[in-house]
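Visitor: Please show me the model. I would like to go through its helices with you.

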Amino acid sequence: MRFIGRNEELKKLDKAISDSDMTFSLIYGRRRVGKSELVKQALLKSDCRKIYYVCKQVAQESNVRSLGGIVSEVMGLPKLGFTDIESLLNYIFELSEKEKMVLVLDEYPYLRESVKGMDSILQSVIDKYRETSQLTLIILGSYVEVMKSLLEKSNPLYGRVDLTINLKQMNYYDSSQFYPNFSPEDKIRIYSVFGGIPYYNRLVDDSRSVRENIIDLIASPGARLENEVSMYLNAELSKIVNANEVFDALSRGFSRYSDILSQSHVSSGPTLADVLDRLIQMEVVEKVSPINDSHNKKKIGYYICDNLSLFYYRYNFRYSSQMKIMDSEVFYDRYIAKDFEEFFVPHIFEGVCRQYLIQKNRAGEISPVFEKIGKYYYDNPSERTNGEFDIVTEDELGYVFYEVKFRKKQISDEAIDEEIDQVRATGLNCYKYVFFSRSGFACKERDNVKLIELKELFE
């Protein structure tokens, strides 16, 4: 299967691997995001000797024996007799003084767990051979918190890392290349479930319907990804019960801290704060402040930013008892289909449009360049109303308002006028209004109105 996306990350890795001096790269990101595939793809372009070792949750001696076996095979040497990791690493670095080599330690946290002082050992070897070695050392890890700790001042490896890549989920556009035969509408629907995780997207079959893919991969007993979310959370969290409570509240639309606390059964505010912080570190929940009042703690919202997690908790988790005893297609039609089309996908579509705008902004295709994008909080005391607009940008000329519609009906002039009047009534003064529409428009652009059809997001 062809490798998709990650062009910027590949350029950085190519540069590190081709450097004649020693380089040390650290790559981290959540499980299934494609760290190992990224490195393997980069290694294909290099003709030097490559030692790729996936660390295991075993004793030091077992890891040393396995890594030593790979070194022997790659270098064409007899069996090595090393029994500790420091001696073996010294040997590898010595070999790299004579020729260019690459050493990859995948799932490094497992090795760190089995070897006392592993970070200090690695730091010592790096410092010893920094001026003489031609080795490209790359360490990878899925335990984000552990990998981030290697970059802290208190860690022995601080200041030694030449390249750091925090590998994020792919955007909607790169993700859509995994299922090119879908229509733009169906690409949005599939992305809304499986997000930007390459492992999930490789499982999508674009010769079948969106409904069939969802049922087969996540929304049926025994589905390939049925337990994916819970397995990931259990691997990262010690108290899954509190996380389940928070996710359940978030998936039902509660975003304010006080609402999450009242809707969940988390025992206390400090406990909730700890859970939210942990989920934010894991990049499955995001903390969002309005662009016009970013320091107001009362207006901060928390949202699930991992699509599969949102789908799982909104449907699988909430209706788990029904799913186990019902026909999968009946379950989908009764508990998922309507809400998925009318709420879930339109919600994710807003995020897709934000991605599109940021891409265009970075490419210099939006003028003037906007400096802020996000939610806008409004308060209308005269009518005793308040709320948020989901997408607003701010640039040197002022605010631009964006409305996103994932509906069958085309947007008309009347609908645009009504939307603009509602915005102005809140006191938000915009110099431009932009409308995204799944089904197109029954109107024409005006001086202060721009229209963007869904197909443009994939051109």
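Guide: First, a term: a crossing is left-handed if the near helix is turned anticlockwise from the far one by less than a right angle, and right-handed if clockwise. The model is predicted: local features need pLDDT of at least 70, side-chain atom pairs count only at pLDDT 80 or more, and totals for chains, interfaces and linings use all residues. Residues are numbered from 1 along each chain as its sequence is written, and side-chain values use heavy atoms, without hydrogens and water.

Visitor: What is the handedness of the crossing of α9 and α11?
Guide: Helices (H or I, at least four residues) and strands (E, at least two) are DSSP runs, numbered from the N terminus. Helix α9 spans residues 184-194 and helix α11 residues 210-217. Their crossing is right-handed.

Visitor: At roughly what angle do the axes of α9 and α11 cross?
Guide: Axes are lines fitted to C-alpha atoms, for helices over the stretch in contact, with angles from 0 to 180 degrees between N-to-C directions. Angles under 35 degrees count as roughly parallel, over 145 as roughly antiparallel, 65 to 115 as roughly perpendicular and the rest as oblique. The axes of α9 and α11 come within 10 Å, and they cross at roughly 15 degrees. That makes α9 and α11 roughly parallel.

Visitor: Which residues of α11 meet α9?
Guide: Contact means heavy atoms within 4.5 Å. From α9 come Asp186, Arg189, Ile190, Val193 and Phe194. Their partners in α11 are Val210, Asn213, Ile214 and Leu217.

Visitor: Why do the buried residues of α2 line one face of the helix?
Guide: Buried means under 20% relative accessible area, exposed over 50%, partly exposed in between (1.4 Å probe, protein chains only). In α2 (residues 35-43), Lys35, Leu38, Val39, Ala42 and Leu43 are buried. Seen down the axis, they line one face because they fall within an arc (directions from the helix axis to the C-beta atoms) of 135 degrees.

Visitor: Which elements do the buried residues of α2 pack against?
Guide: One partner is a helix, α1 (7-18). The strands are β1 (23-28), β2 (49-54), β3 (101-106) and β4 (135-141).

Visitor: What separates the C-alpha atoms of Leu250 and Tyr302?
Guide: Leu250 sits in helix α13 (residues 240-251) and is buried, at 8% relative accessible area. Neighbours within four places aside, Leu250 contacts Ile260, Val285, Tyr302 and Ile304. Leu250 and Tyr302 are 52 residues apart along the chain, and their C-alpha atoms are separated by 7.4 Å.
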